[in-house]
Amino acid sequence: EDEISEKDPCILFDKLKKSNVTNPNLNSAIILIEVEGNKFLFTGDAGITSFFAIPNYQEVLSNIYWLKVPHHASKNNISSELIKLMSPVYSFISGRRHVSQSVVGCLEKIGSNTFITNVSGHLEFPM
């Protein structure tokens, strides 16, 4: 099992120590837009408890097509459980300071096409 956890970025991500998320971030707006059956989720700097507070969150957050990863992909603002639930086809990460490679690795492990502004520059989504 240790060998598997060493190779699985989602398990490694779960083992990281997390810090508290500030109250303004916990109150970030989370906006879901559905277009022709595709869910686009805009998360601002929302924290993990913010997602769990969404009524019927498991259904609402499942099978996301496009995800703006919360708080620049900080390890404190999303969990592997949420990443697996959302299973985003595309994940966009803005910023460079808070980007956790464990978050990026977990997104890539579940098959999400992940783009980061500090790597890819300006991000555009073709429709």
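Mentor: Contact here means heavy atoms within 4.5 Å. Please keep in mind that this is a predicted model.

Trainee: Understood. Which residues does valine 103 touch, leaving out those up to four places away in sequence?

Mentor: Valine 103 touches Phe13, Val69, Ala73, Ser74, Lys75, Ile78 and Ile83.

Trainee: Which residues have the most contacts inside the largest nonpolar core?

Mentor: They are Phe51, Leu61, Met86, Ile93 and Val103, in a core of 24 residues. Two or more residues of this core come from each of helix 2, helix 4 (48-52), helix 6 (80-86) and helix 7.

Trainee: And which element gives the most to this core?

Mentor: Helix 7 does, with four residues. As a general point, nonpolar side chains in soluble globular proteins tend to be buried together.

Trainee: Changing topic: how many disulfides does the structure hold?

Mentor: It holds one. Cysteine 10 and cysteine 106 form the disulfide, and their sulfur atoms are 2.1 Å apart. The two cysteines are 96 residues apart and link distant parts of the chain, with cysteine 10 in helix 2 (residues 9-15) and cysteine 106 in helix 7 (residues 101-109).

Trainee: Is that disulfide right-handed or left-handed, and why?

Mentor: The disulfide is right-handed because the torsion about the S-S bond of cysteine 10 and cysteine 106 is about 100°.

Trainee: Are cysteine 10 and cysteine 106 buried or exposed?

Mentor: Cysteine 10 has a relative accessible area of 1%, so it is buried, the cut-off being under 20%. Cysteine 106 is buried too, with a value of 0%.

Trainee: What about the surface: which residues make the nonpolar patch?

Mentor: Ile31, Ile33, Val35 and Phe42 make a nonpolar surface patch of about 310 Å². Strand 1 (residues 31-35) gives the most to that patch, with three residues.

Trainee: Where does isoleucine 31 lie, and how is its accessibility classed?

Mentor: Isoleucine 31 lies in strand 1. Its relative accessibility is 45%, so it counts as partly exposed.

Trainee: Finally, how many helices and strands are there?

Mentor: There are eight helices and five strands. In sequence order, the pattern is α-α-α-β-β-α-α-β-α-β-α-β-α.

Trainee: And what are the totals for burial and accessible surface?

Mentor: Of the 127 residues in the protein, 42% are buried. The accessible surface is about 7300 Å², and carbon and sulfur atoms account for 50% of it.

Note on methods:
Residues numbered from 1 in each chain as written. Predicted model: local features only at pLDDT ≥ 70, side-chain atom pairs only at ≥ 80, totals over all residues. Heavy atoms only, no water. Disulfide = S-S within 2.5 Å. Buried < 20%, exposed > 50% of the residue type's maximum accessible area, 1.4 Å probe, protein only. Core = buried A, V, L, I, M, F, W, Y, C linked by side-chain atoms within 4.5 Å. Patch = residues over 30% accessible without salt bridge, like charges linked within 9 Å, V, L, I, M, F, W, Y side chains within 5 Å. Areas by Shrake-Rupley, 256 points an atom, 1.4 Å probe, with all protein chains shown as cover. Salt bridge = Lys/Arg side-chain N within 4 Å of Asp/Glu carboxyl O.
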